[in-house]
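Reader: Could you take a close look at one part of this model for me? I'd like to hear about the salt bridges, and who pairs with whom.

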Amino acid sequence: WWGLVKIDMDVVAGKIGWESDVWDCYVNHYEDYTWDEIEEWGLKKAFKRLGFDREKWANASFATLRDGSKWDDLSEKEQWAADQICYVRGSWEVKALNEW
């Protein structure tokens, strides 16, 4: 029945004190941003460290970012980059919250 529920996520996020920039980082990890917006927000270095550039960003599905890799498979620099876009071990490895 979730498809029947209409939720305004901006309202929900506001109720818990999250502004849109917090939501964009922790929930969608900037997935909906254009490369220009990534540059504007100062995130280019992090995304480049994870293997993206303007062309790859425009043509990749977001799942390409994690590509099934484990957190421990990332170098320290890649973990730093992932942290900059609000990933932690559990969210990088797509674990359910109760498994963290």
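Author: The count comes to four salt bridges in this predicted model. Let's start with Arg54 and Asp36, whose side chains meet in one of them, with 2.9 Å from N to O. Arg54 sits in helix 5 (residues 54-59) and Asp36 in helix 3 (residues 35-40), so this pair ties together parts that are 18 residues apart in sequence.

Next up is Glu39, which forms a salt bridge with Lys44; here the closest N and O atoms are 4.0 Å apart. A salt bridge needs that nitrogen within 4 Å of the carboxyl oxygen, and this pair is listed at 4.0 Å. Glu39 counts as partly exposed, with 33% relative accessibility. Lys44 is partly exposed too, at a relative accessible area of 36%.

Now for a pair further along the chain. Asp72 and Arg89 bring their side chains together in a salt bridge, 2.9 Å from N to O. Asp72 lies in the loop between helix 6 (63-66) and helix 7 (76-84), while Arg89 belongs to helix 8, so the pair links parts that are 17 residues apart in sequence. Asp72 is exposed, with a relative accessible area of 56%, and Arg89 is partly exposed at 37%.

Ser91 counts as buried because its relative accessibility is 18%, and the cut-off for buried is under 20%. The Ser91 side chain reaches the backbone nitrogen of Val88, at 2.9 Å.

To put those pairs in their setting, zoom out to the whole chain. The secondary structure comes to eight helices and zero strands. Of the 100 residues, 29% count as buried. Among contacts with a separation of 6 or more, 43% come from residues 24 or more positions apart. The chain exposes about 7200 Å², and carbon and sulfur atoms supply 50% of that.

Terms used
Residues numbered from 1 in each chain as written. Predicted model: local features only at pLDDT ≥ 70, side-chain atom pairs only at ≥ 80, totals over all residues. Heavy atoms only, no water. Helix = DSSP H or I, 4+ residues; strand = E, 2+ residues; numbered from the N terminus. Buried < 20%, exposed > 50% of the residue type's maximum accessible area, 1.4 Å probe, protein only. Contact = heavy atoms within 4.5 Å. Areas by Shrake-Rupley, 256 points an atom, 1.4 Å probe, with all protein chains shown as cover. Polar contact = N/O pair within 3.5 Å; in protein donor to acceptor, adjacent residues only side chain to side chain.
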